[in-house]
Amino acid sequence: MTETGRSALAPDSAGTFSAVVERTAVTRLSVTEFRSYGSLKLDLDTRPVVLTGSNGVGKTNLLEAISFLTPGRGLRRARLAEIGRRDAGEEVSDMVRPWAVAAQIALGEDCYDIGTGCAPDMSGAGRDKRTIKINGEAAKSQSALGRLVAMQWLTPHMDRLFVDAASGRRRFIDRMIMGLDPEHAGPVSAYEHALRSRNRLLKDGVTDSHWLASVEDSMVRHGVAVAARRLETIERLRAYCLVGDGPFPDAKIDMTGELETWLQELPALAVEDRFRDRLAASRQMDAVAASAVVGPHRSDLTVHYAGTGRAAEECSTGEQKGLLITLVLAAARMQAEERGYVPLLLLDEVVAHLDAQRRAALFDRLRHLGAQAWMTGTDAGHFEPWGSDAQFLTVTAGTVLAQTC
């Protein structure tokens, strides 16, 4: 990486680039009343960050705080009421407690001040929501964050991505798309809202065909847009998953579902007509099932180990971890190429089950990628290969006790 915060490396199996790309980095982080932190301020440079300490001291909480610099519910998918600081042993209630995250983001040679947080709605109307400021100006929506900052993360919970429900895999691909185009959140949210509305109408026994047709039309327009965008993204991502990353397996990926099959055979308008007809014909069946039997909410991201052809869910735990790393690094490389800057990477306990060879290979990939990767672990020795190329923070009891560069 150059001193200007840019990378001018050539694209190859190591994940480097043909064109100059900007580096994204958190150079200052402040959290207030967030999880285990009452108040904490960190001044940083653009190098990767290593957070080490015992389990439960607050390493993941810092990553979660950073994850709120993008749209959505953060890497834990937390409710607003779960985030505000509470005393040890205190149960979470539905009452929102105020919290805030502020950061200075370096994007190449430019800097931006971002603040986000939540204060309880004192009117009693239950309108608690996040507020966002960029360079001191209030943002109208969370999508403003996505237009500025992109990030990918890998957490221990995601180790079950291939064996748990398809909803997690859909969120994974949708988050990846939002890293490329924050406006993707719009049709995703609109489709989910229309789906819930239709489910409620069917549950309540509503038979007004005009009312149902209006809701279904919204499902069709937004649902086909979501499915088409997922297919397009997967098509581009495939090349980044088949680059021969040494110890990390190549992955063959696809998006499967009825809508996806139709989109591969028919023009989008014809798919909309077919989807609309299916929804009208399946109202009685969907009322029993409590959801539509067809739509992008039924789609799935399928992953196979390219070397053996085995489905990811049939692979060993180590192979599944390797495939996850392949997907996250592939998404980061694609974002860097298409948006012109490398996203932030939040890698929670990423080396916990990697041997020395795979740890070294991962660190090598991250160096070539040029990302500011935030990595957590309990054993500082696992990160020694970084040397002076990273900044090391020691976390204990919700406080950063030491910092060496």
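Reader: What makes Phe-34, Phe-68 and Trp-99 one aromatic cluster, and what is the basis for calling two rings a pair?

Author: In this predicted model, where local features need pLDDT of at least 70, side-chain atom pairs count only at pLDDT 80 or more, and totals for chains, interfaces and linings use all residues, Phe-34, Phe-68 and Trp-99 form one aromatic cluster. Side-chain values use heavy atoms, with hydrogens and water left out, and residues are numbered from 1 along each chain as its sequence is written. Rings of Phe, Tyr and Trp (its six-membered ring) pair if their centres lie within 6.5 Å, and planes under 30 degrees apart count as stacked, over 60 as edge-to-face and the rest as tilted. The search of the whole structure finds five aromatic pairs.

Reader: Why is the pair of Phe-34 and Phe-68 called edge-to-face?

Author: The centres of Phe-34 and Phe-68 are 6.1 Å apart, within the limit of 6.5 Å, and the angle of 75° between the planes is over 60, so the pair is edge-to-face. Phe-34 belongs to strand β2 (residues 21–34) and Phe-68 to the loop between α1 (59–67) and β5 (99–107), 34 residues apart.

Reader: How do you know whether Phe-34 and Phe-68 are buried or exposed?

Author: Buried means under 20% relative accessible area, exposed over 50% and partly exposed in between (1.4 Å probe, protein chains only). Phe-34 has 0% relative accessibility and therefore counts as buried, and Phe-68, at 1%, counts as buried too.

Reader: What makes β9 and β13 paired strands?

Author: Helices (H or I, at least four residues) and strands (E, at least two) are DSSP runs, numbered from the N terminus, and two strands pair if DSSP finds at least two bridges between them. Strand β9 (residues 151–154) and β13 share four bridges in the parallel sense, so they pair.
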